[in-house]
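Work through the exercises below with the sequence and the coordinates open. Each task is followed by a solution in steps.

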Amino acid sequence: MAQDHAASPNKADITSVAVRTGIDLQINGERFRHTGDPQMPLLWYLRDVLRLTGTKYGGEHGEGGADLVLVEGKATSAITTPMSKLEDKKVVTVEGLADAKGGLHPLQQAFIDEDAIGCGYCTAGWLIASMDLLNRVKDPSDNDIDTLPNLCRCGCQTRVRKAVKRAAAAIKQGAKA
Ligand code: FES
């Protein structure tokens, strides 16, 4: 009886391939590999896969700024950034601003001290955009702060200005100490 050799390939014909391929990236200091759809927006990866729900949906084009995260230190819309763009990138979300022991970043403390939080929906986005600003401008003016793309339906803009200036002063003082 004739045997069907097509079903059992010779071992020499088998090329080894990586068991799982994916997109490797770092989020809040931890390494992750995304093995799903490369076009998945970062926002859904953070919220639905990692359950990091601090970053919010702010419109399909990220127009409200609630979806901002830091990518390589720059404020970046998580809804308009697909996972395919994040190979080997470092991402920091609002959950990553506190220090390793959970101590608040001076910016987070300043938002609390200045009562710059209403319902809180926009707050993560403000914090991330403000971090980006403070990385570039050590002593930001009201005009600098007004360039941030964030929207707040609770009317916190004035208190956000105070909070960002307070944080800038605290960071400066910390740097001197
Ligand atoms: S605090 Fe409510 S939208 Fe800004």
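**Exercise 1. Aromatic pairs**

How many aromatic pairs does the count come to?

Solution. The model is a predicted one, and side-chain atom pairs count only at pLDDT 80 or more. Step 1: ring centres must lie within 6.5 Å for a pair, and by this rule the count comes to one aromatic pair. Step 2: the partners are Trp44 and Tyr57, at 6.0 Å centre to centre with 15 degrees between the planes. Step 3: planes under 30 degrees apart count as stacked, and the pair of Trp44 and Tyr57 is stacked. Step 4: Trp44 belongs to helix 1 (residues 42-49) and Tyr57 to the loop between helix 1 and strand 3 (68-71), so the pair ties together parts that are 13 residues apart in sequence.

**Exercise 2. Order of the elements**

In what order do the elements of the protein run from the N terminus on?

Solution. Step 1: the protein has five helices and five strands. Step 2: the order from the N terminus on is β-β-α-β-β-β-α-α-α-α. Step 3: as for burial, 38% of the 177 residues of the protein count as buried.

**Exercise 3. The largest nonpolar core**

Which residues of the largest nonpolar core touch the most other members?

Solution. Step 1: the core has 26 residues, and those touching the most other members are Leu107, Phe111, Trp126, Val160 and Val164. Step 2: two or more residues of this core come from each of strand 3, helix 2 (106-113), helix 3 (123-136) and helix 5 (157-176). Step 3: helix 3 gives the most, with eight residues. Step 4: both domain 1 (23-96) and domain 2 (106-176) give residues to this core, so the core lies between them.

**Exercise 4. The largest pocket**

Which residues line the largest pocket, and how do they divide by type?

Solution. Step 1: the volume of the largest pocket is about 230 Å³. Step 2: its lining consists of Tyr57, Gly58, Glu63, Gly64, Ala66, Cys119, Tyr121, Cys122, Leu151, Cys152, Arg153 and Cys154. Step 3: Tyr and Cys count as nonpolar and Gly as polar, and the lining divides into eight nonpolar, two polar and two charged residues. Step 4: domain 1 (23-96) and domain 2 (106-176) each supply at least three residues of the lining. Tyr57, the stacking partner of Trp44, is one of the lining residues.

**Exercise 5. Positive phi**

What is the phi of Asn28, and what is the phi of Glu72?

Solution. Step 1: most residues other than glycine have a negative phi. Step 2: Asn28 is not a glycine, yet its phi is positive, about 50 degrees. Step 3: Asn28 is in the loop between strand 1 (23-27) and strand 2 (30-34), and at 27% relative accessibility it is partly exposed. Step 4: the phi of Glu72 is positive too, near 55 degrees. Step 5: Glu72 is in the loop between strand 3 and strand 4 (74-77), and with a relative accessible area of 48% it is partly exposed.

**Exercise 6. Separation in sequence and in space**

How far apart in space are the C-alpha atoms of Ala75 and Ile128?

Solution. Step 1: Ala75 is in strand 4 and is partly exposed, with a relative accessible area of 29%. Step 2: Ala75 and Ile128 are 53 residues apart in sequence, and their C-alpha atoms are 6.3 Å apart.

How far apart are the C-alpha atoms of Leu133 and Leu148, and those of Gly59 and Thr80?

Solution. Step 1: Leu133 is in helix 3 and is buried, with a relative accessible area of 2%. Step 2: its C-alpha atom is separated by 8.1 Å from that of Leu148, 15 residues away along the chain. Step 3: Gly59 sits in the loop between helix 1 and strand 3 and is buried at 13% relative accessible area. Step 4: Gly59 and Thr80 are 21 residues apart in sequence and 9.8 Å apart, C-alpha to C-alpha.

Conventions. Residues are numbered from 1 along each chain as its sequence is written. This is a predicted model: local features need pLDDT of at least 70, side-chain atom pairs count only at pLDDT 80 or more; totals for chains, interfaces and linings use all residues. Side-chain values use heavy atoms; hydrogens and water are left out. On a 1 Å grid over the protein atoms alone, a cavity is a set of points where a 1.4 Å probe fits but cannot get out, and a pocket is an open set with protein on both sides within 12 Å along at least five of seven lines; lining residues have an atom within 4 Å of a point. Grid points are joined across faces, edges and corners, and a volume is the space filled by probe spheres set on the points. Domain bounds come from an automatic or database domain assignment. Rings of Phe, Tyr and Trp (its six-membered ring) pair if their centres lie within 6.5 Å; planes under 30 degrees apart count as stacked, over 60 as edge-to-face and the rest as tilted. Helices (H or I, at least four residues) and strands (E, at least two) are DSSP runs, numbered from the N terminus. A nonpolar core is a set of buried Ala, Val, Leu, Ile, Met, Phe, Trp, Tyr and Cys residues joined through side-chain atoms within 4.5 Å. Buried means under 20% relative accessible area, exposed over 50%, partly exposed in between (1.4 Å probe, protein chains only).
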